[in-house]
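Reader: I am new to this structure. Could you walk me through a few of its residues?

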Amino acid sequence: MAARRRKSDADRMAEALEETLRYAPSWAGPLLAVALFLFLWFAVPRMLSLGSEAFGTALAPVSRMGAPIVGLLVLVIWGVAESKKRSRRRLFDSRSGPKSLRSLSWREFEQLVGEAYYRQGYVVEEHGGGGADGGVDLVLRKAGETTLVQCKHWRTSKVGVKLGRELYGVMAAEKAARGIVVTCGRFTRDARDFAEGKPLALVDGPAVWQRMASGNAESKASHQRRGAVAESGSETTAPPAPVSQPPKCPDCGSPMVVRTARKGPRAGSPFYGCTRYPQCRGMRD
């Protein structure tokens, strides 16, 4: 087997820029390309000439020569990011039910889960384990917390306790707030027993579909709110969100109910717990 080529600093910078542009507005890429072009064409030669006129005269052509190359490179990376963004949207919107998840490849399943959490307001970093058993696949960030996600696209086998233990160990090493194991199948009883009482959520096939439905609803509501703000010119005129409805579970998207902690440092304190407990252990303050 050929050795995997190590990524250069330029490769890592290009991947980081692509990841950033994928979650940025569509106009951000062209704007960045124009800004970098103008900076290299006008600003850099001007700054060089301030230090030494001879030095600036020698290097100014180099900066101007690189300006269109850098601008074009940013546009290419932006085009790749936009293509991936549209591809994930089509993949997400084309699903028709829990059974349709089983027709996906393991890579498409990871992208689908990432898109679902992205529509829930998370910043999603795709690690791409490189195979069906590559370890942590997604890193979610929201409200200062980091959540590690492991996706297992197993169609028939039940996911056992081993994966939960492995992810829990990575959570401790990375100091992540929570961990989520997602599968389109089911979990064994041992796996659920291990996750009990830990910040580790097990999301099975039906819960994945609920998460998708919840993410799609929140995405549409967000677009409607932004449209109302654009028409009125002020966010205060947008219709307020109803406060009587229970929140959605952050792990599976199911409705939540108020419960009271029975033990631990928060014993006696109320919190929102997922209605699918103990299959899902998502909670909110």
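Author: Happy to! On the surface, V34, L38, W41 and F42 form a nonpolar patch with about 380 Å² of accessible area together. Patches are made of residues with over 30% relative accessible area and no salt bridge, like charges being joined within 9 Å and nonpolar side chains (Val, Leu, Ile, Met, Phe, Trp, Tyr) within 5 Å. A salt bridge puts a side-chain nitrogen of Lys or Arg within 4 Å of a carboxyl oxygen of Asp or Glu, and areas come from the Shrake-Rupley method with a 1.4 Å probe, where for residues only the protein chains shown count as cover.

This is a predicted model: local features need pLDDT of at least 70, side-chain atom pairs count only at pLDDT 80 or more, and totals for chains, interfaces and linings use all residues. Residues are numbered from 1 along each chain as its sequence is written, and side-chain values use heavy atoms, leaving out hydrogens and water.

Reader: Is A81 buried or exposed?

Author: Buried means under 20% relative accessible area, exposed over 50%, and partly exposed in between (1.4 Å probe, protein chains only). A81 has 0% relative accessibility, so A81 counts as buried.

Reader: Which residues does A81 touch, not counting those up to four places away in sequence?

Author: Contact means heavy atoms within 4.5 Å. With that rule, A81 touches E18, L21 and R22.

Reader: What is the relative accessibility of T147?

Author: Leaving aside neighbours within four places in sequence, T147 is in contact with L138, V139, L140, R178, G179 and I180. T147 counts as buried because its relative accessibility is 2%.
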